[in-house]
Amino acid sequence: MLIGELAETQVWLADQQVVERGEELEESVQVVRYAPTVVTAEVADGAAHVELSVVDGTLTWFCTCSEGRRGVFCAHCVATTLARRRLLVQSACRRTDR
């Protein structure tokens, strides 16, 4: 299973306040690495480092914020997931514009 499907599921499961904060942060996400099974990003100019990855069909995540270090799918993880979605849409639009 690809990272997008699994990460999107976690966004749906996250607390509404976490999702809202992630939506606010989404514009400040700088995706560093994007592949079918891993996304690495810096959020808010390096305030948080996020890594989402798929290991044996299961989504794993890590964020340097206090919630993320406790294993919570935090607002930075939500923001990274939303930024990944935006990149995917932009890439698809570029392909159809040709």
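I will take the salt bridges, then the strand residue, then the annotated span. Keep in mind that this is a predicted model.

The structure holds 4 salt bridges, and I will go through some of them.

Start with R84 and E8. Their side chains meet in a salt bridge, at 3.4 Å from N to O.

E8 has another partner. Its side chain also meets that of R85 in a salt bridge, here with an N to O distance of 2.7 Å. E8 lies in helix α1 and R85 in helix α4, so this pair ties together parts that are 77 residues apart in sequence. R85 is partly exposed, with a relative accessible area of 37%. Taken together, E8, R84 and R85 are linked in a network of salt bridges.

Next, which residue pairs with E26? That is R86, and the closest N and O atoms of this salt bridge are 2.5 Å apart. Again the pair links distant parts of the chain, 60 residues apart: E26 sits in the loop between α2 (16-25) and β1 (29-35), and R86 in helix α4. E26 is buried, with a relative accessible area of 12%, whereas R86 is partly exposed at 26%.

Now the strand residue. T40 lies in strand β2, residues 38-43. T40 is buried, and its relative accessible area is 9%. What does T40 touch, leaving out residues up to four places away in sequence? The contacts are Q30, V31, V32 and R33, and then H49, V50 and E51.

Last, the annotation. UniProt lists residues 48-85 as "domain: SWIM-type", and the entry is unreviewed. In the model, the end C-alpha atoms of residues 48-85 lie 19 Å apart. By content, the span is 39% helix and 37% strand.

To recap the charged pairs: R84 and R85 are linked with E8 in a network, and R86 forms a salt bridge with E26. That is what I have.

Definitions and conventions
Residues numbered from 1 in each chain as written. Predicted model: local features only at pLDDT ≥ 70, side-chain atom pairs only at ≥ 80, totals over all residues. Heavy atoms only, no water. Helix = DSSP H or I, 4+ residues; strand = E, 2+ residues; numbered from the N terminus. Buried < 20%, exposed > 50% of the residue type's maximum accessible area, 1.4 Å probe, protein only. Contact = heavy atoms within 4.5 Å. UniProt positions renumbered as here; feature names shortened; annotations may be inferred.
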